[in-house]
Amino acid sequence: MFVADIKRVVEQVSRDKGIDREVLISALEEALKSAARKKFGSRIDIEVQYSDETGEIEVFQFKDVVEEVEDPTLEVSLEEGRKLDAECEIGDSLGTKMDTSTFGRIAAQSAKQVIIQKMKDAEKDAVYANFIDRKGEIINGIVQRMDRGDIIVNLGHTEGALPVREQVPREGYRRGDRIRAYIMDVLHESRGPQIILSRAHPEFLVLLFKTEVPEISEGIVSIMGAAREPGVRAKIAVSSNNSDIDPVGACVGMKGSRVQNVVQELRGEKIDIIPWHVDAAKYVCNALAPAEISRVIIDETNRAMEVIVPDDFLSIAIGKRGQNVRLASRLTGWHLDVQSETKYNETMRSGYESIVALPDVGVSLADALYEKGFFSTEEISIASVEDLMQVRDMTEEGAEELIALARQAILEAEAQAEAEAEAEAKAETEAEADGEPEESTPDIAAAPDDEAGATEAEDEASVEAAAAVVEADLADDSAAGEAPPANEDTNGAEEPGDEAEAEDEAPIEAAEADAADDSLASEAPPANEDQAKGADDAQR
């Protein structure tokens, strides 16, 4: 079959879809084979060839030359074979060119489906081959849609997915927004290649600095590590192989221009740039900046450090919700335990006292153990005889005995703690079972009566006291009236005290007169029966 523009179509599709020409040609050949088998059956032996020079695709059917034909689709007689090739012999295979126009509409539709499927598979493979080499790079795209929280990004020939877990909190995007992300992984799945993007990965921060800082791309400054809490804070460690170039200053830039570009891309995420150091302890101290470090105790076996800081810098070293020490631990790769000096001193003192409390352990032996790094009974119990043999004046028997004593002391302390816990639990259970005693009802009912009785007694006492005061005043007044004047000059004048006594007697006499009138009114008989009835009603 010859198609005039088949070569041009193959080249155009290869250029637009990024598919290799050989893959497209193989798809065309497979499609024609499928169409021929659809028309003549699956047992037919055919071969398809494509000529790159002429752009011609030819389909040949092969048959074996036999004496007696049993299957016409696979065999041909010698006489028929001699008509095609005069030199053929029995057992040869002869190929005849087929007319593809006789395949029919159904066969053509089948060929079309094969070509479409082959092109889709080839396109998927091309996308995967293109992006698998770009894994670990930064790529730009356009937000296309949202899918259950995931952001689908248009990357040109394909789409990428930015999962929720790889998004920076409090970042919002809408359809059509440009986005920059890190290619975290490329998966080859049956539905097509899946390109997983990330904006929360620490390498995204590293690549942003490589883009902004020329010294990093040139290899003068190296980023030794990075740790992030996306959207909040990040730490990176940098070093320089040129003593004349400050790695921190190179990353910060003039007036912070370089680091500010990275911060803007990360939507305001704070970035701490610290100098890397070959000494692990110094590196950890730099990572915990701006906190001051008093002492660092290194445990190489467990890759852990105990960092002692002044009491004033404890909150700074730990950070908000442990953020600073958590990022420092991720950056350095060491497990960090931050303690204040006060707590550390108390721990060391209690450990020293536990060593001194062991039988047959004096102050000198405790000091020797302390010098060799045995700060508590627990450390002695897990130590080996060889370790204790490094202590001065320590014998093998003494080391074994000391380890046994330490283990016995720990067991006794644990048993005592369990006994105290059981006693507390038992006491709480008994208290809950007994319950609180309830107050009796008679006492509650009697309280108001007692209060009323006390009130009445107080009222009677106050009335009696007022009456006694009045009688005393009257007695004073009568005594004053009987007393003669002191001299003739004062006979005609009234003393100020006399006026006060007269004023005091006036209300008393008025009150006594009112009381007498009331008693007379109550004892007077009614004028008639109606008045008597009204008085009875009033009394009721």
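This is a short talk on the predicted model of one protein chain, from its overall make-up down to single residues.

Two ground rules before we start. The model is predicted, so local features need pLDDT of at least 70 and side-chain atom pairs count only at pLDDT 80 or more, while totals for chains, interfaces and linings use all residues. Residues are numbered from 1 along each chain as its sequence is written, and side-chain values use heavy atoms, with hydrogens and water left out.

Let's begin with the whole chain. The secondary structure comes to 19 helices and 15 strands. Here helices (H or I, at least four residues) and strands (E, at least two) are DSSP runs, numbered from the N terminus. The chain has 540 residues, and 29% of them count as buried. Buried means under 20% relative accessible area, exposed means over 50%, and partly exposed is in between, with a 1.4 Å probe and protein chains only. The accessible surface is about 34,400 Å², and carbon and sulfur atoms hold 49% of that. Those areas come from the Shrake-Rupley method with a 1.4 Å probe; for residues, only the protein chains shown count as cover.

Now contacts. Contact means heavy atoms within 4.5 Å. Take the contacts with a separation of 6 or more: 56% of them are between residues 24 or more positions apart.

On to the inside. In soluble globular proteins, nonpolar side chains tend to be buried together. A nonpolar core, for us, is a set of buried Ala, Val, Leu, Ile, Met, Phe, Trp, Tyr and Cys residues joined through side-chain atoms within 4.5 Å. Which residues touch the most other members of the largest core? They are Leu205, Phe209, Ile271 and Ile273, out of 22 residues. At least two core residues come from each of α5 (202–212), β10 (221–229), β11 (233–240), α7 (247–252), α8 (257–265) and β12. Helix α5 gives the most, with six residues. Look at Leu205. Beyond four places in sequence, Leu205 touches Arg228, Ala234, Ile236, Val262, Leu266 and Ile271. Apart from this core lies another, of 21 residues, including Leu28, Ile44, Tyr50 and Val114.

A salt bridge is a side-chain nitrogen of Lys or Arg within 4 Å of a carboxyl oxygen of Asp or Glu. How many salt bridges does the structure hold? There are 11. In one of them, Arg228 pairs with Glu269, with the closest N and O atoms 2.8 Å apart. Arg228 sits in strand β10 and Glu269 in the loop between α8 and β12, 41 residues apart, so to speak a link between distant parts of the chain. Both Arg228 and Glu269 are buried.

Compare Asp185 and Lys135. Their closest N and O atoms are 3.3 Å apart. Asp185 is in strand β8 (residues 178–189) and Lys135 in the loop between α4 (105–132) and β5, so this pair ties together parts 50 residues apart in sequence. Asp185 is partly exposed at 25%, and Lys135 is partly exposed at 44%. There is also a network of salt bridges that links Glu171, Arg199 and Glu265.

Next, the backbone. Most residues other than glycine have a negative phi, and most peptide bonds are trans. Arg148 has a positive phi, near 55 degrees. Arg148 lies in the loop between β5 (138–147) and β6. Its relative accessibility is 80%, so Arg148 counts as exposed. The side chain of Arg148 also meets Asp147 in a salt bridge (3.6 Å, N to O). Arg267 has a positive phi too, about 60 degrees, and lies in the loop between α8 and β12. And the peptide bond? Ala289 and Pro290 are joined by a cis bond, with omega about 15 degrees. Pro290 is in the loop between α9 and β13 (295–299).

Last stop, Trp276. The structure holds one aromatic pair. Trp276 and Tyr283 form it, edge-to-face, 6.4 Å centre to centre and 65 degrees between the planes. Rings of Phe, Tyr and Trp (its six-membered ring) pair if their centres lie within 6.5 Å; planes under 30 degrees apart count as stacked, over 60 as edge-to-face and the rest as tilted. Is Tyr283 buried or exposed? Tyr283 counts as buried, because its relative accessibility is 7%. Trp276 is partly exposed, at 33%.

Val278 is in the loop between β12 (270–275) and α9 (280–287), and counts as exposed at 70%.
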